[in-house]
Amino acid sequence: MSATATSTPPPAAPKVSGGKGGRTRFTFPVVLLIIAAALLALSAVRAITGAQDVTSAGQISAALAMAVPIGLAGLGGLWAERAGVVNIGLEGMMILGTFFGAWAGWQTDPWIGVLAGVVGGMLGGLLHAFATVTFGVDHIISGIAINILALGFTTYLAKLWFNTGDAAEKGGSPKQSPPADSITQFTVPGLSDWLHSVEVHHWFFVSDLAGILGGLVTHVSLLTVVAAGLFVGTFFVLWRTAFGLRLRSCGENPVAAESLGVNVYRYKYIAVIISGGLAGLGGAFLSLVTSHIYNEGQTGGRGYIGLAAMIFGNWRPGGLAMGAGLFGFADALQLRNGGESVHALLLLLVVMLAVLAVWKLYRKSYVPGVISAVIAAAVLVWYLSTDTVPTEFVSATPYVVTLLVLSLSAQRLRMPKADGMRYRKGQGK
């Protein structure tokens, strides 16, 4: 037992908000200003380049569909890390969700498939909690092991279950399941058509706003609404209830939490199991909403991207939602073969890098400022000398955006203080 642990009195209420200490709080008006500025920038890019698909309803609808599984994986990571457990195994838990969701969905009802996907992810979360909380295994090693095990396990079961009998007759193969029925989608009547009529005029800002809103009210899956409710529910539970305060205290100072009567092991287990269930739900969304089948490798690293979105969002649901939307937008570009759209967005990247360079130089951070300026000049040359971008680069867009966002947002991050640390019961005695 360390002298520090025994001599330092536990705080009356662990500080978990991270709202002070000179850090800027993203209040609702500030978030609205950021969204408005982003929309103005996209409108300007569309008007200058003529790439109409950048803010079209189709692009936004696809971006929303791509953002949901990323956001759910990130939400799972948020639950685990707020309790002090790093969950690199989100990718594996998503894989379990895609497999079991499709397996149950094609045989019964897609909503039963959703439930099966959640249960599959929760089993992965339980395994991760068992390894990290009970046995104190390094969180990163446990997460990577779960990713490897999930991939191998589902690959084996797919060959066993989808390649024989009734499944094979209905379209199954060693790498994919038979198709499942669709989950109900809805379109807001009247509003969707009106927004489309405004969008086709290509008015600056107005048509762009209509296209974005149109994508949010056209062919929306009911599971998307459920996902939105989970974001709201997570904020309410973790930041507005005593249960949430205790759970977050386990990720900030588990020794102090234990001294106040919190069963740290129990809260960590609950958080990691919920984390797995949310990641499994994201996987089920991919197999039951996006494609209607399980397909080997269909998660495509979205569990890792969800983790990046959570970090970008500073371990809070609102920021995570914005990050998931950004990554979903980039993901939708490569799915819609958006070489022209990605080329247009290079101009936006030039402006962002130039502004960053000026800001860094103003703050006397000369090396980052010069590097940003050089990259901005190189991207500008690329934009002016080409009309589109290669398909290979379009496919890599989500991952490039992930790296850029994490590198640019790293300075404002504040992770839970005990995140990833091994904790043993009675450690503070």
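**Figure 1. Overall fold of the predicted protein chain.** The protein chain has 18 helices and two strands; helices (H or I, at least four residues) and strands (E, at least two) are DSSP runs, numbered from the N terminus. Its radius of gyration is 23 Å, close to the 22 Å of the globule rule for 429 residues, so the chain is as compact as a globular protein of that length. The radius is taken over C-alpha atoms, and the rule is 2.2 Å times the number of residues to the power 0.38. This is a predicted model: local features need pLDDT of at least 70, side-chain atom pairs count only at pLDDT 80 or more, and totals for chains, interfaces and linings use all residues. Residues are numbered from 1 along each chain as its sequence is written, and side-chain values use heavy atoms, with hydrogens and water left out.

**Figure 2. The largest nonpolar core.** A nonpolar core is a set of buried Ala, Val, Leu, Ile, Met, Phe, Trp, Tyr and Cys residues joined through side-chain atoms within 4.5 Å. Buried means under 20% relative accessible area (1.4 Å probe, protein chains only). Of the 39 members, Leu247, Leu320 and Phe327 touch the most others. Helices supplying at least two residues each include H3 (57-82), H13 (264-290) and H18 (391-409).

**Figure 3. Surroundings of Phe327.** Beyond four places in sequence, Phe327 touches Ile70, Ile305, Ala308, Ala309, Val401, Thr402 and Val405. Contact means heavy atoms within 4.5 Å.

**Figure 4. Helix H13 and its end.** Of the 27 residues of H13, 21 are buried, so the helix is largely enclosed by the rest of the structure. Just after H13, His292 takes a positive phi of about 70°.

Terms used: Buried means under 20% relative accessible area, exposed over 50%, partly exposed in between (1.4 Å probe, protein chains only).
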